[in-house]
Amino acid sequence: MGLSVAIAVGAMLGFLGGMFGIGGGIIAIPFLALALGMEQALAQGTSLAMMVPILLLGWWRYSRHHPLDWRVSLPVGLLAVLATVLVARLATGLHPAALRTVFAAFLLLLALRTLLQQRAAAAPTAHPPRCSLRWMPLVGLLGGACMGLLGVGGGLVATPVFTGIFGQRQTVAQSLSLALVTPCSMVALLTYGSAGHVQWSVGLPMAAGGLLTVSAGVALTHRLPERRVKQAFAWMMLLTALWLLLKAVL
């Protein structure tokens with residue numbers, strides 16, 4: 001992939017990531033694996049090279065508007081980083097077909113959860129905690145393990161847990177998720193890179209392209225019906241998961 005093509009692909013993925021309100025990696029990994037034929041670990045590592053700069057920028061911007069007490073975020077982040085290191089080392093040694101199947105299953109569950117979700121999320125509110133807040137740092141283990149194994153999904157897993165189980169407001173949950181995902185993605189990138197599973201010549205230009213368009217994607221999604229955007233994202237993930245699973249079988 002040439003430099004200009006990588007930048008253009010990164011711009012497309014950054015735009016879609018901003019539009020669907022998710023990290024571009026969950027779109028980039030299937031693209032790199034299916035369109036470019038990368039092995040799953042290489043696709044995940046290269047995607048992390050694209051995601052890290054975008055996450056750092058997003059974390060900085062979000063923390064300016066929604067600052068979080070470090071006494072809350074630090075334990076979550078530390079446990080997440082620990083889980084990421086341990087699980088990423090395991091992931092880089094897995095057979096590519098097995099890793100791709102796990103990733104496809106994650107996409108499938110994410111798509112089905114989104115399609116089956118009935119309640120509107122236009123004005124999310126805090127719920128009474130169903131678990132003591134002292135256990136909240138353990139969410140870092142769950143999100144970090146997801147980042148280490150798949151290179152994505154830490155925030156998608158952690159945010160509903162913060163709101164649904166620990167009763168945190170949506171803005172607090174998203175701040176905690178960014179505090180979890182951003183350092184985890186950096187650690188995962190280092191781990192995948194040290195194992196030779198990052199194609200920097202592709203990942204870094206994609207990051208540059210993504211930084212240029214992610215804000216435009218966010219702006220567009222605010223003009224569209226939220227329900228339709230979520231449904232489009234879910235169907236895209238469902239079809240991608242089925243494609244990955246079918247390719248693994250064949």
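From the N terminus onward, the elements of the protein chain follow the order α-α-α-α-α-α-α-α-α-α, and the tally for this predicted model is accordingly 10 helices and 0 strands. Confidence averages a pLDDT of 84 over the protein chain, with 92% of the residues scoring at least 70. Helix α6 (residues 139-150) has the highest confidence, at a mean of 92, whereas helix α10 (residues 226-249) has the lowest, at 79.

As for overall dimensions, the C-alpha atoms fill a box of roughly 50 × 40 × 35 Å along the principal axes. A compact globule of 250 residues would have a radius of gyration near 18 Å, and because the protein chain has 17 Å, the two agree. Of the contacts between residues at least 6 apart in sequence, 83% join residues at least 24 apart.

Which residues of α5 are buried? They are Leu99, Arg100, Phe103, Ala104, Phe106, Leu107, Leu110, Ala111 and Thr114. Seen down the axis of α5, these buried residues fall within an arc of 155°, and therefore line one face of the helix. An α-helix has 3.6 residues a turn, which means that residues three or four places apart point the same way. On the other side of α5, Leu109 and Leu116 are exposed.

Terms used. Residues are numbered from 1 along each chain as its sequence is written. This is a predicted model: local features need pLDDT of at least 70, side-chain atom pairs count only at pLDDT 80 or more; totals for chains, interfaces and linings use all residues. Side-chain values use heavy atoms; hydrogens and water are left out. Helices (H or I, at least four residues) and strands (E, at least two) are DSSP runs, numbered from the N terminus. The radius of gyration is taken over C-alpha atoms; the globule rule is 2.2 Å times the number of residues to the power 0.38. Contact means heavy atoms within 4.5 Å. pLDDT is the predictor's confidence in each residue, from 0 to 100. Buried means under 20% relative accessible area, exposed over 50%, partly exposed in between (1.4 Å probe, protein chains only). The arc is that of the directions from the helix axis to the C-beta atoms.
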